[in-house]
Amino acid sequence: MVDFGGWEMPISYGSQLAEHHAVRQKAGMFDVSHMLNVDVTGLQARRFLSLLLANDVAKLAISGKALYSCMLNPEGGVIDDLIVYFFDDDRWRVVVNAGCAQKDIAWMQQVVSEHKLDVVITPRRDLAMIAVQGPQARELVWQIHPEWQSATETLKVFFAASVGNDTLVARTGYTGEDGFEIVLPATQAEALWNSLIAAGVAPCGLGARDTLRLEAGMNLYGQDMDETIQPAQAALTWTVSLTDTQRHFIGREAIESAPRKNVFTGIKLNERGVMRAHMRVRTTQGEGEITSGTMSPTLGVSVAFARLPEGVVAGDTAEVEIRGKWVSATVTALPFVRNGKAVVPAQK
C-alpha cells in the first residue's frame, strides 16, 4: 500500500504482471474511487464549462456523451486533465484526478465567483468508482447485472448511461482496452467488487494501472504534464478546440500568443534496462528527458514517454542515460499497444 494523491492505494493484490495480463487478455478491475466526481449544475453550466475547459463542450449535445479535456491556467499550463459528461444543459459532471481535487474545486469556485455565474459545484464524495477493463469486461459486468445490459449494450465509446439511482455506467477507461467505469453509491461498492471477483474479474492495483496506461499512450497528471506544461508540450493538442474563434477559454490567449514547443513521443529501449522518469535522452536534435517509463509486460521491453526537441520523429535513433551509461533506444509513435496487440512503430 502506498500514498497516492492522499489516498492509501494498493500497488498490487498479488502479482502486478498477472494483473496486467488479466486486463489485456480477459478482465481486471480497479478501485478508482480516489478520483472525484463533481456535479456542475445551474442555468449557466454550459457557459461556465465553455470558459473553464480547453476542449469545447459545444460538441456535447446528446445526453450521456463525454469529452476529455484539459483545464488550463491563464498561462496555458494544465491545472488538470479530466472527463466531462453532459446530461442536460443545466446538469453536467466532471471527473478529476485525486491529487488535484482540492485545487480543482477551488479553481472552479473562483471562476464561478469572478464571472458571477449561476452555477453550483458539488463534490460527490458519497460516490465510488470501479473501472472494469479488458476484452471480456462488459460481458462479465452484464453477467452480474443483467438488468444493466439493455441500457449499456449499445453505448458507444465515451458515452455513459444511468442504470439506477446515482449509478452511472460509462464506456471509458485508462488502459487501452474496452470496458466500463461504474460510478455508484459508496455504500454499494464493496458488494459490486466482491461480485466481480466471484465472476472472475481480477482485482488490479496501481502498478498494473501504470504499465497499462503507458502502453496505451495515456498521460499521467503530475508526471507527464502539470501547471508548467501547455497541452501541446504533452501531445494533447487534440484536446484543445480553437475552431470557434469567438469562444474565450482560460489559457487560450497564452497558448496562441506564447506557445511552448517540443515533441512528446514514445521511446523504446533496444537493450536491457528500464527507463524511468527524469532520465536524460540524447538525440541528433539535442537533449530531452523521460517523463514516464516502465518495462512493458506486453512487449517485453522497456518503453517510455519522452519530451524531446522539435524535429525528432518516429524512427529516429536515441540514447537514454541509465545509471551513467548511454543505452540505445528508438523513438516511436504512440500508443505502443492497442486492443491488446503491439502497434508496429512508424519507421523513417
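Visitor: How many bridges join strand E4 to E8, and which way do the two strands run?

Guide: Let's start with the general idea. Strands of a sheet pair through backbone hydrogen bonds, either parallel or antiparallel. Now the case here, keeping in mind that this is a predicted model: E4, residues 36-41, is joined to E8 by 4 bridges, and the two run antiparallel. One spot to look for is threonine 41, whose bridge partner in E8 is valine 120.

Visitor: What is the order of the strands in that sheet?

Guide: Read it as E5-E6-E7-E4-E8, an open sheet of 5 strands with antiparallel pairing. Strand E5 (66-72) and strand E8 (120-123) are at the edges with a single partner strand each, so one side of each has no neighbour in the sheet. From one strand to the next, the twist averages 30°.

Visitor: Which strands does helix H3 lie across?

Guide: Find residues 101-114 for H3, which lies across E4, E5, E6 (78-88), E7 (91-96) and E8. Against E8, the helix runs at about 170°.

Visitor: Now the inside. Which residues touch the most other members of the largest nonpolar core?

Guide: General idea again: in soluble globular proteins, nonpolar side chains tend to be buried together. In this model, the largest nonpolar core has 33 residues, and Phe30, Leu72, Tyr85 and Met225 touch the most other members. Elements giving two or more residues to this core are E5, E6, strand E9 (127-133), strand E11 (167-170) and helix H7 (206-215). There is also a second, separate core of 30 residues, with Leu60, Met71, Phe86 and Leu117 among them.

Visitor: What does leucine 72 touch, leaving out residues up to four places away in sequence?

Guide: Quite a list! Among its contacts beyond that range are Leu52, Val78, Ile79, Trp107, Pro231 and Phe249.

Visitor: Where does UniProt place the feature "binding site"?

Guide: The record, an unreviewed entry, puts this feature at Glu181. You'll find glutamate 181 in strand E12, residues 179-185.

Visitor: Is glutamate 181 buried or exposed?

Guide: The cut-off for buried is under 20% relative accessible area. Glutamate 181 has 10% relative accessibility, so it counts as buried. Not counting residues up to four places away in sequence, glutamate 181 touches residues including Tyr85, Ile130, Leu168 and Thr172.

Visitor: Which residues does UniProt list for "domain: GCVT N-terminal"?

Guide: That unreviewed entry gives residues 1-242. Over this stretch the chain is 26% helix and 29% strand, with the end C-alpha atoms 42 Å apart.

Methods:
Residues are numbered from 1 along each chain as its sequence is written. This is a predicted model: local features need pLDDT of at least 70, side-chain atom pairs count only at pLDDT 80 or more; totals for chains, interfaces and linings use all residues. Side-chain values use heavy atoms; hydrogens and water are left out. Two strands pair if DSSP finds at least two bridges between them. Axes are lines fitted to C-alpha atoms, for helices over the stretch in contact, and angles run from 0 to 180 degrees between N-to-C directions. Contact means heavy atoms within 4.5 Å. UniProt positions are given in the numbering used here, feature names are shortened, and annotations may be inferred rather than shown by experiment. Buried means under 20% relative accessible area, exposed over 50%, partly exposed in between (1.4 Å probe, protein chains only). A nonpolar core is a set of buried Ala, Val, Leu, Ile, Met, Phe, Trp, Tyr and Cys residues joined through side-chain atoms within 4.5 Å.
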